[in-house]
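This report describes side-chain contacts and surface features of one protein chain. Please view the sequence and the structure together before reading on.

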Amino acid sequence: MWLMLTLLGIAGALTLAMRRAPVWQWALAAAVLGALTRISTENGLWLRTDVTGWVLALLPAVLLGLFAVPALRKAILTAPAYGMVKKILPRVSRTEQEALDAGTVGWDAELFAGRPDWRKLLEIRKPTLSAEEQAFLDGPVEQVCAMIDDWQTRHERADLSPEVWQFLKDKGFLGMLIGREHGGLGFSAQAQSQVVSKIASRSVAAGITVMVPNSLGPGELLEKYGTAAQKEKYLARLAKGQEVPCFALTGPHAGSDAAGMRDIGVVCHDIYEGKKTLGVRLSWDKRYITLAPVATLIGLAFHLTDPDHLLGDTENIGITLALVPADFKGVEIGRRHYPARSAFMNGPTRGRNVFVPMDFLIGGTEYAGQGWRMLMECLATGRAISLPAIGTVSIKQALRVTSAYARIRRQFGIPVGMMEGVAEPLSRMVRSAYAYEAARGLTASMVDEGQRPSVLSALLKYKTTDEMRNCVNDAMDIHGGRAVQDGPSNYLFAGYATTPVAITVEGANILTRSLITFAQGALRAHPYLYAEIAAAQQADRREGIEAFDRAFSGHISFMLRNMAGSLLHGLSFGAFAATPVQHEMSRWYRQVSRYAQSFALVGDWTVAFLGGDLKRKQRLSGRMADILADLYLMSAVLRRYEDEGRIAEDRAVVDAVMRDRVHAIEQSFAGVFANFPNPVLRNLMRVLVFPLGRHSRPASDRETHRLARAVMQPGEFRDRMTKGTYVSTDPRDVTGVLEDALIKVIRAEEIETRFIRAVKKGQVVRRLDRDAITDAVEAGILTEADAATLRLADQATDRAIRVDDFAFDALGTRQSRPATGMLGEAAE
Ligand SMILES: Cc1cc2nc3c(=O)[nH]c(=O)nc-3n(C[C@H](O)[C@H](O)[C@H](O)COP(=O)(O)OP(=O)(O)OC[C@H]3O[C@@H](n4cnc5c(N)ncnc54)[C@H](O)[C@@H]3O)c2cc1C
């Protein structure tokens with residue numbers, strides 16, 4: 001009887017928790033269960049009548065019943081909890097608040113809520129381009145890629161050629177985000193992302209040059225906040241490249257903590273164009289500014305103060321943005337940094353007591369003090385496009401060249417890519433190329449639907465650029481000396497050298513992973529936390545408790561459901577979790593649903609327990625960010641597989657990605673549990689998430705070896721994995737030489753096998769004085785036609801594996817030492 005009642009109690013509790021039942025239903029269920037415990041089965045069925053027994057049996061129901069009465073609940077539970085929560089919940093500063101308000105939530109909120117509504121993901125528009133955008137990609141973008149000589153750009157000129165610059169300006173590349181009404185191309189986020197991608201696959205320096213004016217900067221800021229006069233004055237000129245913009249936020253003392261900048265503007269009167277004018281006296285010291293050395297228009301961020309109250313009551317107005325022409329009196333600009341020895345323009349700018357009129361402020365005085373919000377709003381969308389584009393295409397480009405090289409390069413008599421040790425990193429690149437392209441396309445589509453996905457863009461930024469670094473390293477390793485020896489024939493080294501740039505900009509990766517993603521996600525995308533914090537920060541206690549009570553009640557039922565859901569999914573390995581499809585991928589949808597539930601549970605408890613300490617406990621929040629990122633990647637991959645019509649050939653890639661991600665998620669959870677500061681919660685979470693232990697395995701050696709083999713074959717699979725990269729088949733081109741060799745080597749594959757077999761058998765002897773292929777023809781092993789095909793393959797391979805050498809005194813530079821910087825000053 002007691003066993004039956006215990007089981008009934010557990011089943012009832014799990015059901016109520018899963019249904020997020022209101023508290024009165026819990027009270028009712030507790031009353032029924034309590035009454036059942038009073039039944040005796042001794043000598044037939046009868047009800048016990050002792051009063052104490054009944055009181056104890058019904059006590060839980062009564063207590064729960066008290067919570068069902070709002071006034072009592074507020075007095076007993078909500079008010080004390082409110083006081084406690086006020087102390088432990090993270091405080092949100094003004095800049096954080098503005099960053100939070102700047103973005104929108106979408107699929108991230110579904111994952112945080114623990115029960116992703118798959119329809120919401122599947123309804124997002126497909127990553128498509130308009131006919132005009134596609135024509136631009138096939139026309140001017142292909143043209144400019146063909147024009148770029150990356151060695152000349154990065155080594156000989158340390159700049160794009162004048163022809164490339166002019167072409168970029170004339171064709172509107174610098175004004176893709178500017179609307180047509182202002183003479184811009186008005187391209188979608190998807191198109192901008194693909195244009196930047198393709199160019200960056202040819203030259204990272206050119207990619208960054210195009211990316212920057214189309215990312216956070218004067219163009220976007222003017223489009224969104226500019227006054228009519230500012231739009232009129234600048235947008236058409238920016239769109240046509242008659243103005244080159246840069247945006248200066250970073251300074252020597254303000255890197256990641258950009259809001260801590262020391263640059264100031266003081267509202268005052270001064271003489272401007274012969275008249276007494278209200279304006280701002282600006283002093284700034286900015287560095288690392290992309291395009292600054294060639295910019296004609298500088299976007300500047302600074303703290304604005306109004307000590308004489310010329311604008312109103314507020315003295316410290318806050319971060320404000322201005323547009324200052326580069327040739328304005330007092331502006332210092334033009335010097336260059338040398339970022340990772342890349343050729344894109346980057347440098348410092350300074351100014352001291354430069355007086356600018358009020359209409360230099362972006363949006364005019366109305367937007368004075370709104371700078372941080374404006375920047376965060378633009379960042380939420382810009383970060384979803386630019387660096388994911390560069391990161392993803394770098395992965396795909398690394399795969400494109402490495403898959404060819406690994407096939408044509410032979411050592412020990414076989415292509416190096418066939419060796420298991422090499423196939424391992426090569427297949428990792430295949431998985432990454434598929435997964436990150438999926439996430440890039442999906443996120444750009446979200447932006448095109450009007451979302452400003454601040455959390456997803458943050459995680460995508462650090463994930464893609466980290467993975468880019470891994471893949472480029474893999475590519476370097478597979479190429480060996482061919483990629484180390486720099487020169488005009490080297491197609492990898494520039495990308496390798498510039499990986500730290502992408503890691504650093506638009507929110508350095510360590511900070512973005514360990515501080516921003518989970519903490520901001522929890523605040524923004526958690527279904528109740530934001531409301532609770534807002535309630536806790538209300539000045540009026542009564543109103544605060546009222547608002548807190550609503551959020552807190554929901555939060556408790558949310559937590560109970562996550563506990564029950566995690567446990568049930570853990571016991572069934574996700575077999576009953578939600579899936580929107582019934583086909584070969586449904587198990588992976590279920591795994592995402594399962595782990596989203598666990599993520600919601602652990603995320604919730606992590607925030608609740610750590611509270612304001614979340615910013616300090618970055619290793620925990622970094623792991624939680626990784627779990628969220630993996631769930632997002634899995635979602636994006638499933639979406640891509642559907643969008644592309646469930647291509648059978650891609651199934652193995654999707655399966656492999658999913659296995660890896662599930663494994664990574666389990667490891668991240670294990671890391672959280674092992675390091676969670678509270679032992680009770682730690683063990684409880686472990687039991688709820690992995691009641692039967694962890695069992696996932698990453699993709700097997702066999703599966704992944706197949707992927708490596710498949711990608712070394714020219715054809716649809718290889719093209720799909722590397723789509724969006726610039727591909728030349730011209731044997732005189734830096735990467736075309738590889739494509740040419742691959743095609744010829746594959747054409748000669750069968751002949752080569754016969755030939756090698758003959759060499760191994762000793763039927764043909766390799767000798768210095770004779771061509772072994774000719775011997776093979778004479779020995780009747782090959783026909784003349786075979787020999788010609790084999791020779792073509794051999795010659796093409798020989799061309800493709802060559803590296804550059806230079807005259808003894810051709811290397812080294814005689815450039816002057818820098819005038820600033822520690823060693824520069826010492827040398828002066
Ligand atoms: C090539 C290049 C181009 C750039 N272009 C521009 C531009 O056009 N305009 C512009 O305004 N800026 C630009 N930047 C600046 C860029 O945004 C900053 O470099 C970036 O914000 C990081 O600042 P920092 O380099 O000073 O690193 P720091 O802020 O000194 O950070 C050092 C390390 O500490 C970590 N860190 C810092 N704070 C935290 C924290 N709270 N928690 C955990 N980790 C933390 C960071 O992740 C990083 O790893 C550019 C930079 C480069 C290198």
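In which helix do Arg440 and Glu437 both lie, and how many residues apart are they? Both belong to helix α16 (residues 420–448), where they are 3 residues apart, about one turn of the helix.

## Basis of the description

The model is predicted: local features need pLDDT of at least 70, side-chain atom pairs count only at pLDDT 80 or more, and totals for chains, interfaces and linings use all residues. Residues are numbered from 1 along each chain as its sequence is written, and side-chain values use heavy atoms, with hydrogens and water left out. Helices (H or I, at least four residues) and strands (E, at least two) are DSSP runs, numbered from the N terminus.

## Salt bridges

Side chains of opposite charge can pair when their charged atoms come close. A salt bridge is counted where a side-chain nitrogen of Lys or Arg is within 4 Å of a carboxyl oxygen of Asp or Glu. The structure contains 44 salt bridges. One of them joins Glu142 to Lys198 at 2.7 Å, N to O. This pair links distant parts of the chain, with Glu142 in helix α8 (residues 131–147) and Lys198 in helix α11 (residues 189–202), 56 residues apart. Residues are called buried under 20% relative accessible area, exposed over 50% and partly exposed in between (1.4 Å probe, protein chains only). Glu142 is partly exposed at 26% relative accessibility, whereas Lys198 is buried with a relative accessible area of 10%.

The side chains of Arg440 and Glu437 in helix α16 also form a salt bridge, at 2.9 Å, N to O, and both residues are buried. In the salt bridge between Asp798 and Arg802, the closest N and O atoms are 3.0 Å apart. Asp798 is partly exposed, at 33% relative accessibility. Salt bridges with shared partners also connect Arg400, Arg718, Asp719 and Glu739 in one network.

## Aromatic contacts

Rings of Phe, Tyr and Trp (its six-membered ring) pair if their centres lie within 6.5 Å; planes under 30 degrees apart count as stacked, over 60 as edge-to-face and the rest as tilted. By this rule there are 22 aromatic pairs. The ring centres of Trp118 and Tyr589 are 4.8 Å apart and the planes stand at 80 degrees, so this pair is edge-to-face. Trp118 in helix α7 (residues 118–122) and Tyr589 in helix α23 (residues 586–610) are 471 residues apart, and the pair links distant parts of the chain. Trp118 is buried at 4% relative accessibility, and Tyr589 is buried at 0%.

Phe673 and Phe690 also form an edge-to-face pair, with ring centres 6.1 Å apart and planes at 70 degrees. Phe673 lies in helix α25 (residues 651–675) and Phe690 in the loop between α26 (679–689) and α27 (701–711), so the pair ties together parts 17 residues apart in sequence. Both Phe673 and Phe690 are buried. Elsewhere, ring pairs join Phe136, Phe167, Phe173 and Phe187 into a cluster.

## Charges over rings

A charge sits over a ring if NZ of Lys or CZ of Arg is within 6 Å of the ring centre and within 35 degrees of the ring normal. The charged end of Arg640 sits over the ring of Tyr434, 4.0 Å from its centre. The charged end of Arg524 sits over the ring of Tyr530, 5.5 Å from its centre.
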